[in-house]
Amino acid sequence: MASSIKFPNTSFQEAKLRRVYEAKDFDNKGYVSTNDWETWGKIAAEKVGLEMDDELKGYWVTAGQSYFGDTKSFDDWIDYFNAFLENNPDNYEEISRDINVNVFKAIDSNKDGVVSEPEYKALVTAIFPDLTDDDVEYGFNMIDKDGDGVLSQEEVATAWLRYYYDEEDTKYKHFYGRWDEKSRGGSIWTWLTSSCYE
């Protein structure tokens with residue numbers, strides 16, 4: 001049974017995906033590799049005063065490999081996702097949640113089972129350094145559905161999945177911090193306008 005889901009399915013969804021993909025290309029080689037995921041993890045750990053030990057590094061590498069497969073260009077990554085959706089039409093979200101376990105463990109750098117606001121800030125400002133404290137707080141509070149001041153694995157997984165799978169403009173576009181026309185973290189409108197005239 002082939003999946004009718006395509007990835008991305010709208011210009012908005014593609015803009016979100018390009019934004020975060022390009023931000024993860026730390027070495028500016030035009031593709032995201034395991035080294036980029038390691039760099040992301042190292043910067044995030046340093047931002048909360050930790051060194052990335054072998055266990056934490058393992059979570060980042062596993063998350064990257066699960067999420068990106070082998071080294072991928074943006075177009076290859078999109079093909080990888082579409083193959084994943086076609087092969088798992090009925091349970092792709094469930095499998096994605098399983099993949100997110102490693103993402104959550106990578107973010108939870110002190111290993112206490114929740115993501116604090118400083119850990120979340122480290123995650124998002126490592127790839128979007130121009131986010132303001134207000135931008136970070138906005139994203140954190142959007143994910144923190146129960147308002148208890150920390151992010152559970154379920155809260156992170158839900159918001160993370162919606163960021164990638166929502167085709168239209170929803171609140172989950174703020175998973176990596178507030179993102180709109182005025183956000184220095186990137187503007188969908190800038191990207192869409194420029195892409196229309198290429």
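**The core and its surroundings**

Modeller: Of the 52 residues in the largest nonpolar core, the ones touching the most other members are Trp-77, Trp-160, Tyr-164 and Tyr-176. A nonpolar core here is a set of buried Ala, Val, Leu, Ile, Met, Phe, Trp, Tyr and Cys residues joined through side-chain atoms within 4.5 Å. Buried means under 20% relative accessible area, exposed over 50%, and partly exposed in between (1.4 Å probe, protein chains only). At least two residues of this core come from each of α1 (11-24), α2, α3 (54-68), α4 (74-87), α5, α6 (117-127), α7 (133-143) and α8 (153-165), with α8 giving the largest share, 7 residues. Helices are DSSP runs (H or I, at least four residues), numbered from the N terminus.

Before going on, the ground rules: this is a predicted model, where local features need pLDDT of at least 70 and side-chain atom pairs count only at pLDDT 80 or more, while totals for chains, interfaces and linings use all residues. Residues are numbered from 1 along each chain as its sequence is written, and side-chain values use heavy atoms, leaving out hydrogens and water.

Now to Trp-160. Leaving aside residues up to four places away in sequence, Trp-160 touches Tyr-67, Ser-96, Ile-99, Asn-100, Val-103, Phe-175 and Tyr-176, a contact being heavy atoms within 4.5 Å. Asn-100 belongs to helix α5 (residues 92-107) and counts as buried because its relative accessibility is 0%.

Glu-154 is in helix α8 and Arg-97 in helix α5, so the pair ties together parts 57 residues apart in sequence. Arg-97 is partly exposed, at 26% relative accessibility.

Over at α2, the buried residues are Asp-36, Trp-37, Trp-40, Gly-41, Ala-44 and Ala-45, and they pack against α1, α3 and α6. Ala-45 has a relative accessible area of 2%, and its C-alpha is 9.5 Å from that of Ala-126, 81 residues away in sequence. After α2 comes Gly-49, with a positive phi near 80°.
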